[in-house]
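Please look over the sheets, helices and pockets of the protein shown here. A short report goes with it.

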Amino acid sequence: EALPSIASISRLTLTSRVADQETGWRVTGDGGDVVGEPSPASHPIGTTVEARDLFFNVPARRKFLRGERTEFGHIEENLVRLALSRFVVGFGLWRNQRAVLDLEPAASEEARTRRVAELLGHEFAAASVFLDRADAGLRLWGWLGLPAVARAQPDQQYFFVNGRPVRDRTLAHAVRLAFQDVLPQGRHPALVLHLELEPAALDVNVHPAKHEVRFRESTLIHAFVRQSVQAALAKA
């Protein structure tokens, strides 16, 4: 659904090959409504989407962009959230031909912890505990930073619901209550937490950018997250 919108404001190339074909196919667009006819292309099994010169033909959008450093910071933060939401996918980020991030797919728990350390810092990884608890159709897993790596701002709190990065008051409040006995006022925990539950138990169409969700049983979710975090901290 997003590809036509991306193609309309960039020079887009999509190359793909399915398993039962010997050759792949490529389509290109140049920022207009017309996309070129598919042409044969050498490609491994899978799909590559390449978007260059983003917003090159949309001056109205360009005037809202900030400086290069600021915009790159937004890009990097979005990539961090994606990398923490999909550990089985590899990610690379380059700036001016220099690799900023080069993340291999992380299938094992050890590899996932290495990715967390690379993204949030080795100090966080060394001073965090791994949480994995399931009950009543809910599962909460991830990394909790201990008080030693608490921060002055809640800028290193990453919440995911069924793999979707979210900003959710219910989850944030539950974590804040769980930490209130071990953190002084004005300090905020760093964490990466994944909540998994039945898709029917939440509404993902609350926010236009899908940044928020609405739980059908928010009281149950709140209690489960608070108790799980408290138990993990007590054990640590």
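The report takes the sheets, then the helices, then the pockets.

This is a predicted model, in which local features need pLDDT of at least 70, side-chain atom pairs count only at pLDDT 80 or more, and totals for chains, interfaces and linings use all residues. Residues are numbered from 1 along each chain as its sequence is written, and side-chain values use heavy atoms, with hydrogens and water left out.

**Sheets**

Helices (H or I, at least four residues) and strands (E, at least two) are DSSP runs, numbered from the N terminus. Two strands pair if DSSP finds at least two bridges between them. Strands of a sheet pair through backbone hydrogen bonds, either parallel or antiparallel.

Axes are lines fitted to C-alpha atoms, for helices over the stretch in contact, and angles run from 0 to 180 degrees between N-to-C directions. Strand 2 (residues 24-30) runs antiparallel to strand 3, and three bridges join them. Trp-25 stands opposite Pro-40 in strand 3.

A second open sheet has five strands in the order 7-8-11-9-10, with mixed pairing. The twist from one strand to the next averages 20°. Strand 9 (residues 157-161) pairs with strand 10 in the antiparallel sense over three bridges. There, Phe-160 stands opposite Pro-165 of strand 10.

Strand 5 and strand 6 (residues 98-103) form an antiparallel pair over five bridges. Leu-93 has Leu-101 in strand 6 as its bridge partner. The hairpin of strand 5 and strand 6 has two residues between the strands, and Asn-96 takes a positive phi near 55° in this hairpin.

**Helices**

Contact means heavy atoms within 4.5 Å. Helix 6 lies across strand 8 (138-145), strand 9, strand 10 and strand 11 (191-196), and runs at about 130° to strand 9. Helix 7 lies across strand 7, strand 8 and strand 11, and runs at about 45° to strand 8.

How do the two helices meet? The axes of helix 6 (residues 169-179) and helix 7 (residues 218-235) come within 8 Å and cross at roughly 35°. The contact includes Leu-171, Val-175 and Phe-179 of helix 6, and Ile-221, Val-225 and Leu-233 of helix 7. By class, this contact has ten nonpolar, five polar and one charged residues. Ala, Val, Leu, Ile, Met, Phe, Trp, Tyr, Cys and Pro count as nonpolar, Asp, Glu, Lys and Arg as charged, and the others, Gly among them, as polar.

**Pockets**

A pocket is an open set of points on a 1 Å grid over the protein atoms alone, where a 1.4 Å probe fits, with protein on both sides within 12 Å along at least five of seven lines; lining residues have an atom within 4 Å of a point. Grid points are joined across faces, edges and corners, and a volume is the space filled by probe spheres set on the points.

| Pocket | Volume | Lining |
|---|---|---|
| Largest pocket | about 1,400 Å³ | 24 residues |
| Second largest pocket | about 300 Å³ | 13 residues |

Ala-51, Leu-54, Phe-72, Ile-75 and Leu-93 lie nearest the centre of the largest pocket. Helix 1 (3-8), strand 4 (46-52), helix 3 (68-85) and strand 5 (91-95) each supply at least two residues of its lining. Helix 3 gives the largest share, eight residues. The lining of the largest pocket has 13 nonpolar, five polar and six charged residues.

In the second largest pocket, Asn-78, Arg-81, Pro-165, Arg-167 and His-211 lie nearest the centre. Helix 3 and strand 10 (164-166) each supply at least two lining residues. The largest share of this lining, six residues, comes from helix 3. Its residues divide into four nonpolar, four polar and five charged.
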